[in-house]
Each structure stands twice: as C-alpha cells, then as structure tokens.
Amino acid sequence: MNISTLIDNLEYVELANTDDFYNEIQGISYNSKKTQKDDVFVCLTGEHVDGHEYAEEAVLNGACLCIVDRILNLDIPQIVVNDTNESLAQISDLFYSSPSQKLNLIGVTGTNGKTTVTHLIQKLYEAEGQRCALIGTLGHKFNSEDTYHDAKHTTPQAPELQGLFYDIYTKNIPNVVMEVSSHALAQHRVDYCDFNGAVLTNLTQDHLDFHITMNNYFKAKAKLFENLYTDDFAVINADDEYAARFMEVVSPSVKLYTYGIKMPADVKAENITFNHQGASFVCDVQGKKYDVNLMMNGMFSVYNVLAAITSALALGFDIQNSIKTLETMRGVAGRFEIIVQKPMVIVDYAHTPDGLENVLKAAREITPNDGKLFCIFGCGGDRDATKRPKMGAIAENLADKVIITSDNPRSEDPHQIITDILAGLKNVNDVVVEPDRELAIKEAYKLANANDVVLIAGKGHEDYQILADKTIHFDDREKVREIFIGE
C-alpha cells in the first residue's frame, strides 16, 4: 500500500511534507525501536508514554511516514489526525485489506470467564465440523489441538490483531472466537473489527486503576455490543447486574439471546448439583430440557457453559451435540485446575473480588465435612488498589485458613500491597502473611491435611512473576507439584 492510497481512505486533519506521498508502506510500527525501513510510524499517546517523543528515532530506523496529532519537525511525510490510537486501528485494517470482514468473528467480553468461554465455543465449532481459531489471554491457536502462540495482551494491539486475522484467513479458517478486553475497547484496538456476534460473561469490579469508575468500565465493554449490526447476535448474562444496560445498547435489528440461573432467560440452568467429579444440571433451552453432566466444577463453570450453549443456539448448532461436546471438556489451564488430589490443591486465575468469591465457593462445595479450605492469594501491584481489602474480606469469610502472599507486585512494595489486603480483615491474628509466594505454598503444605482443599488464586496459567526490577520464572502449578508430590 502506498501513502497516497492511505490518504484517500484515512480520516485526517492536515498533511505535511507532501512530496514523497507515493512511497510504498511495508509495515506498521508504534515502537520506534522496532521500526523498520518504509514502515508507517504511528505516534501513540498513552497513559505514560508519548510516541511523538520517539518519532525522530523511528525516522532514523527507516520510517517513511508518521501519523501524528501535531506536526513535528521531521523531513518525512506526516498525516495529522485527531486520535492516533483510532488511526492505528484504521491503518491496520486498511493495510491488511479488512480481513475481519471475510471471517465470522465472535467477541467474548466480561470481567471473568472470557478465556473459558472462548475455548468452549471453539470446541463447539469443531464439533460442527467447522474450523475455528482462538485469540485470548493464553495466546492464539488455529485449532483446539494447536499449541498456544505468544500473547502479550489478552487482545493484541491493532497491527498484530489485523495481521493475525489476515493469517487466519489465508489458512482458510472461516471462524474466529476472541477475548475482547475493556482496555482493547477503550484504546481502540478492536476498532474496524467486524464482529458477527458478542458474548457478555459478567461485569464486576476490576481495572478501576484504568477506567476509574464502574460506569466507564461498563461503557468500554458496551462498545462491543453497540457496534453490532443487522443479523449479528448478542448473548448476555441475564443474571448480571448490568444486563439491562447491555441489552439497551443492542440495536433492535440484532438477534438478542440471554442465559442465566436466577432471571428469565432463553437458556437456563435448573436443579444444579456439585460433587468431586463436576457439576450437573438441567438445561432449559427455550422450553426444551436437556440433562448436563460436566467435568468442570463451580457455579462459574455453569455460567460459562450456559454462555457457550447460548452461543450455540445463536449460531444454529445442534444443542444436544453441543452439550455432549461440553460434557467431555475438563476446563482450561489455570482455571480451577486441580493439580494434586490429597490434599486437593487447586490453581485458579481469580484476581478480582467476584472471581475470588466464585472460586472459593466452588472449592467449598468439594471440601469434605472433616476438611478445611485454605486460600493463598495476593494482589497485583500498579493495579486497582480498592479491590485489595475487599478480596481480604472475601477470603476471611469463605476460607478456614488464609495465607496472604505476593502476586505480581510490579513497582509497588509487596508489604504495602499486603497491608492493603489486611485492612479488609476483621481478625488479622489468624492469617499467615508470607510475601514470598513459594514459601507461602510451602506453608500450606505444612499445615494442610489429606482431606483439606488448598486454593491458590491470582496467577493461574502464568509462568512468571513481575517484580520491581525484573521478571522471574514462577508457575504456581510447577511449585505445587514440586512441593506437594516432589516432581
């Protein structure tokens, strides 16, 4: 694509240095250090960094064009736009010839459950004999048996995302299911993505360090549903506190489906029971009843499966076949993953108040009457601090023994994060505080008996820990196997 073609299609305010507007663009860059010859360099303005300050370095590295929000003292062509983040998404879509328009794209958003629901939907597509790629927190994969490819974000930045769509299209994979984070929506990463369907899992407190208020958080998530068009579909959790507000933003021309347990819905779970093997319930799909026996546990798993079944309904899949497929699945890495049986040690990604409450309730369901429930958790640094005391209170109320440790402290003092958590507890004397995460797991090993259940929450699938000055290898699952069974 040459620069003149970009100008013909891009919304802009002003042009500068117009002599070389027929140069060919070979790539898109927003990191000056990674800029290559004949890249267009987009000067993103973020929370902490202004890309305009690095434009000269990008030019030295070969940039042939800069996208800016103000004219800079540079010798190469510049296109002035109102918002460089929005323009990055539009340029990426243009550069790759709008690949999402050639795919059947489903976006899954919500505070919790996105990863599991996307994996379930991918499996349902494959059960129908259709190929489906997946994009999300664990990475991207071109089929359910594929290994995960690198993931720097739950939802990639626009150039990587559009390039991935293009790659999926060239592999003749017609369907894509992807996690859509609130950051991605607020930062325009998914602008110009042509979604055919959107799924809401839930909306509970998280990321308020970025969104500031729950209303802003809602507005970011709602963008996914506002941008659906005629004959697209929306799947919404009717039990969620924000369900009515999400339904309001969906166009009347969009097919709307709901699921739930408490509220009236198209797909409902009834007579729910839990045991060590998983969850069982009767699923009412628009009046028709099906028995469901899952190998996944916890009420959150029931909700995730309902979201998948409702998506199957929206897609016109055979419901009985979809349920049979879901009954064979054991969940996703790091999501209520049972690592050891006696004592039962569970690793989960829960890092929000609602997430922690859900997994602790699920763990309590399978804790023997003569056993205790342990909870090991911490909170991430440089993130929403208001959830820390809330998570402390939840752990104290639902677990028999609480061990507070570090998560990913980042630039914050781990002891201060722990102090914030302790502020939510009524009795700190019964709590074990151990900032070293490995030692915290060892403490549980010393204290837990064979009939006890140990939940280690916060990091799930992550195999690293982000400290102030470095990132180290740390995997809760590896540590549990090493400490509890000597592997």
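Modeller: A definition to begin with: a salt bridge is a side-chain nitrogen of Lys or Arg within 4 Å of a carboxyl oxygen of Asp or Glu. Keep in mind that this is a predicted model.

Colleague: Fine. How many salt bridges does the structure hold?

Modeller: The count is 19.

Colleague: What is the N to O distance between Lys 479 and Glu 482?

Modeller: It is 3.9 Å, and the two side chains form a salt bridge, because the cut-off is 4 Å.

Colleague: Where do those two sit?

Modeller: Lys 479 and Glu 482 are three residues apart in helix H16, residues 476-485, so about one helical turn separates them. Lys 479 is buried, at 16% relative accessible area, whereas Glu 482 is partly exposed at 38%.

Colleague: Next pair. What about Lys 361 and Glu 357?

Modeller: Their side chains form a salt bridge with an N to O distance of 2.9 Å. Both are in helix H12, residues 353-365, and being four residues apart they are separated by about one helical turn.

Colleague: How do H13 and H14 pack?

Modeller: The angle is about 60° and the axes are 6 Å apart. That makes H13 oblique to H14, because the roughly perpendicular range is 65 to 115 degrees. The crossing of H13 past H14 is right-handed.

Colleague: Which residues meet there?

Modeller: From H13, Arg 388, Pro 389 and Gly 392; from H14, Ile 417, Asp 420 and Ile 421.

Colleague: Change of topic. What is the nearest side chain of opposite charge to Asp 93?

Modeller: Lys 102, 8.5 Å away. Asp 93 is buried and has no salt bridge.

Colleague: Where is Asp 93, and what does Asp 93 touch?

Modeller: Asp 93 is in helix H3, residues 84-95. Leaving out residues up to four places away in sequence, Asp 93 touches Ser 98, Pro 99, Gln 162 and Tyr 192.

Colleague: Last one: Thr 109. Buried or exposed?

Modeller: Buried, with a relative accessible area of 0%. Thr 109 lies in strand E6, residues 104-109.

Colleague: Which residues does Thr 109 touch?

Modeller: Not counting residues up to four places away in sequence, its contacts include Lys 114, Val 180, Leu 185, Val 199 and Phe 225. Leu 224 is another one of them; the C-alpha atoms of Thr 109 and Leu 224 are separated by 8.1 Å, although the two residues are 115 residues apart along the chain.

Terms used. Residues are numbered from 1 along each chain as its sequence is written. This is a predicted model: local features need pLDDT of at least 70, side-chain atom pairs count only at pLDDT 80 or more; totals for chains, interfaces and linings use all residues. Side-chain values use heavy atoms; hydrogens and water are left out. Buried means under 20% relative accessible area, exposed over 50%, partly exposed in between (1.4 Å probe, protein chains only). Lys and Arg count as positive and Asp and Glu as negative; His and the chain ends are not counted. Contact means heavy atoms within 4.5 Å. Axes are lines fitted to C-alpha atoms, for helices over the stretch in contact, and angles run from 0 to 180 degrees between N-to-C directions. Angles under 35 degrees count as roughly parallel, over 145 as roughly antiparallel, 65 to 115 as roughly perpendicular and the rest as oblique. A crossing is left-handed if the near helix is turned anticlockwise from the far one by less than a right angle, and right-handed if clockwise.
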